[in-house]
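Thanks for asking me to look this over with you. Here are a few notes to read alongside the picture.

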Amino acid sequence: GGMPETVRDILENVKGKYELVIVDDGSTDKTLELARKFERKHSNIKVFLQKHNLGKRFAVDTGIKNASCDTIVLIDGDYTYPARYINPIVTRFVEGFDMVYGSRFSGKRVNLSFTHVLGNKLFAFLYNLLTFRRITDLTSGLRVFNRIRYFVLGLESPNFGLETELM
């Protein structure tokens, strides 16, 4: 799966008023072309292009800076996370949490390599031990938070460390 499947899933399953921001981080495939087609068809979709691949953190920066909402749902564009989980995590967020995230390790088995699962679980264990929290998926690409929190944190990781820094 990829970006088109993720967008279709969001359009079919996310309820309420929302804006979908897609950032193409200098891809060389047809991602931008496909994203622009969605943008032309749906008034709640905005597409932004970074001409060069600057890393995930900068793509997320671009998306959040151009979003018109204060509540941000971050979801990876590779169809890893079903959109049906967006409304429930937003509901929990509105109840007063600083951040709510989806976990790939709550429930059925996930399609990840043994080393990826082991590494994630090891780092989650250490994180939980040091922070007295219960996090099961430190690198989750599905989370909801307030945009102010994102910018106040002063994140530094250019790529996939973003998820951990957001914790």
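1. Let's begin with a term we will need: a crossing of two helices is left-handed if the near helix is turned anticlockwise from the far one by less than a right angle, and right-handed if clockwise. By that rule, the crossing of α1 and α2 is right-handed. Please keep in mind that this is a predicted model.

2. Now for the angle. Two packed helices are described by the angle between their axes and the distance between the axes. Here, the axes of α1 and α2 (residues 31–41) come within 10 Å and cross at roughly 20°. That makes α1 roughly parallel to α2, because angles under 35 degrees count as roughly parallel.

3. Which residues bring these helices together? On the α1 side they are M3, P4, V7, R8 and L11, and they meet T31, L34, A35 and F38 of α2.

4. Stay with helix α1, which covers residues 3–13 and includes D9. D9 is buried but has no salt bridge. Beyond its neighbours within four places in sequence, D9 is in contact with V14, Y79, Y81, P82 and A83.

5. Finally, have a look at T71, in strand β3 (residues 71–75). Its relative accessibility is 36%, so T71 counts as partly exposed. Setting aside residues up to four places away in sequence, T71 touches F93, V144 and F145. The C-alpha atoms of T71 and V90 are separated by 8.6 Å, with the two residues 19 apart along the chain.

Note on methods: Residues are numbered from 1 along each chain as its sequence is written. This is a predicted model: local features need pLDDT of at least 70, side-chain atom pairs count only at pLDDT 80 or more; totals for chains, interfaces and linings use all residues. Side-chain values use heavy atoms; hydrogens and water are left out. Helices (H or I, at least four residues) and strands (E, at least two) are DSSP runs, numbered from the N terminus. Buried means under 20% relative accessible area, exposed over 50%, partly exposed in between (1.4 Å probe, protein chains only). Contact means heavy atoms within 4.5 Å. Lys and Arg count as positive and Asp and Glu as negative; His and the chain ends are not counted. A salt bridge is a side-chain nitrogen of Lys or Arg within 4 Å of a carboxyl oxygen of Asp or Glu. Axes are lines fitted to C-alpha atoms, for helices over the stretch in contact, and angles run from 0 to 180 degrees between N-to-C directions. Angles under 35 degrees count as roughly parallel, over 145 as roughly antiparallel, 65 to 115 as roughly perpendicular and the rest as oblique.
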